[in-house]
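Colleague: Please show me how to read the side-chain features of a model like this one. I would like the general idea each time, and then the case at hand.

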Amino acid sequence: MFKSSILIPSLTLLISIPILFLLAPKILPPRQITISLPEELEDLSLFHKAITAETTFSKYPSHINKLRLGSATVRPPKIAFMFLTNSDIQFALIWESFFNGTHNNNKVVDPHLYNIYIHADPTVKYSSLIGVFKDKFIPSAKRTQRSSPTLISAARRLLAHALLDDPSNYYFALVSQHCIPLHSFHYFYNSLFDTRKMSEKMEFPSYIEILNESDSLFDRYNARGEGIMLPEVKFEEFKVGSQFFVLTRKHSLMVIKDVKLWRKFRKRCINVESCYPEEHYFPTLLSMEDPNGCTKYTLTRVNWTDSVDGHPHTYHPNEVSEQLIYDLREFNSSYYDYMFARKFSPDCLNPLMELADSVIFKD
């Protein structure tokens, strides 16, 4: 009797240990990735190189009367497409068609009008990418994690690499592996550099969502602890917005030059459920530095009507149609169009490719 009373708890313990190991990742919140001092110093070195190089470049003009679009006396401005991903670029074929297609009256896309940069989580295995994506991975990529400042760091690394790589990069478009284009390259390029869309300062604007209101804004502000954001960021200065943006060169430099706000946003979150640093850092910084230079809206369409666990609606193959593309393009103003959309499941590739030439790239 005594032996059996000891044996039963022992067996129960032996059985429960492996079960706990299996269930723990699903029950417990994921351990937040921290940014180590060597990683921080490596980023600062990269940012310093980009900032220093900017002073030695023959300044690429941001003022429209110097830019002289179409003039043979200056190089045409380029768009830097920056892919931030922790998995394969699932819609590489669509993007390949976007960059290399002969759309918009059979005009071939000039490869001198864009550059591509990919920040890929080094802990993930990727299939080999060909064509325009070949050899586009930036060398300093680090692991990223949702609800942590690592996504801010990744975007800043992309900006620094793109700034340093080519002084002709004027616009910097951040997209994810779940994004697809909604228009042809020519439509997007001509829309960005449409002189009718300049601000009063005669500069092209940045397209980044900057919102003052959110049901969870107070909780998000205190996600690192009550009062932690002070005195650098007062609550009324704290903004929310999409993590995907299209920034000008001037604003991209502001981002990598920043030290003051980064010291706050890099702190570890206590309340992980309310922690979305990448959705706050960029809109808060640019709202404080140059609010009039930003449109305050994003060019990436996202459906939040039935979000789950902080993730937006994911489109599946049965939802992909010609009408969906038209609906996703529509902005709440007749003057602007959405240029990208997320998020789509990987098995949407084939139905999207069927619509590529006849709908998506037919402007």
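Modeller: Let's start with burial. Phe265 is buried, its relative accessible area being 0%; buried means under 20%, exposed over 50% and partly exposed in between, with a 1.4 Å probe and protein chains only. Tyr281 is buried as well, also at 0%. Keep in mind that this is a predicted model, where local features need pLDDT of at least 70 and side-chain atom pairs count only at pLDDT 80 or more, while totals for chains, interfaces and linings use all residues. Residues are numbered from 1 along each chain as its sequence is written, and side-chain values use heavy atoms, leaving out hydrogens and water.

Colleague: How much of the chain is buried, and how many helices and strands does the chain have?

Modeller: Buried residues account for 52% of the 363 in the chain. There are 12 helices and seven strands, taken as DSSP runs numbered from the N terminus (helices H or I, at least four residues; strands E, at least two).

Colleague: How should I read a pair of aromatic rings?

Modeller: Such a pair is described by the distance of the centres and the angle of the planes. Rings of Phe, Tyr and Trp (its six-membered ring) pair if their centres lie within 6.5 Å; planes under 30 degrees apart are stacked, over 60 edge-to-face, and the rest tilted. This structure holds 39 aromatic pairs. Tyr114 and Phe185 have ring centres 5.6 Å apart and planes at 65 degrees, so they are edge-to-face. Since Tyr114 is in strand S2 and Phe185 in helix H6, the pair ties together parts 71 residues apart in sequence. Both Tyr114 and Phe185 are buried.

Colleague: What is the geometry of the rings of Phe265 and Tyr281?

Modeller: Their centres are 5.4 Å apart and their planes at 75 degrees, so this pair is edge-to-face. Phe265 lies in helix H9 and Tyr281 in helix H10, so parts 16 residues apart in sequence are tied together.

Colleague: Now to charges. How many salt bridges are there?

Modeller: Side chains of opposite charge can pair when their charged atoms come close. The rule asks for a side-chain nitrogen of Lys or Arg within 4 Å of a carboxyl oxygen of Asp or Glu, and the count comes to nine. In one of them, Arg266 meets Glu40, with the closest N and O atoms 3.6 Å apart. Arg266 sits in the loop between helix H9 (260-265) and helix H10 (281-289) and Glu40 in helix H2 (residues 37-56), so the bridge ties together parts 226 residues apart in sequence. Arg266 is partly exposed at 31%, whereas Glu40 is buried at 13%.

Colleague: Which residues does a network of salt bridges link?

Modeller: Glu203, Lys250 and Asp290. Within it, the side chains of Asp290 and Lys250 meet at 3.2 Å, N to O. Asp290 is in the loop between H10 and strand S6 (300-302) and Lys250 in helix H8 (residues 249-257), 40 residues apart.

Colleague: Last topic: which residues touch the most other members of the largest nonpolar core?

Modeller: A core is a set of buried Ala, Val, Leu, Ile, Met, Phe, Trp, Tyr and Cys residues joined through side-chain atoms within 4.5 Å. Of the 57 residues in the largest one, Phe81, Trp95, Phe99, Phe133, Phe188, Phe344 and Leu352 touch the most other members. Its largest share, six residues, comes from H12. Apart from it lies another core of 43 residues, including Phe172 and Phe245.
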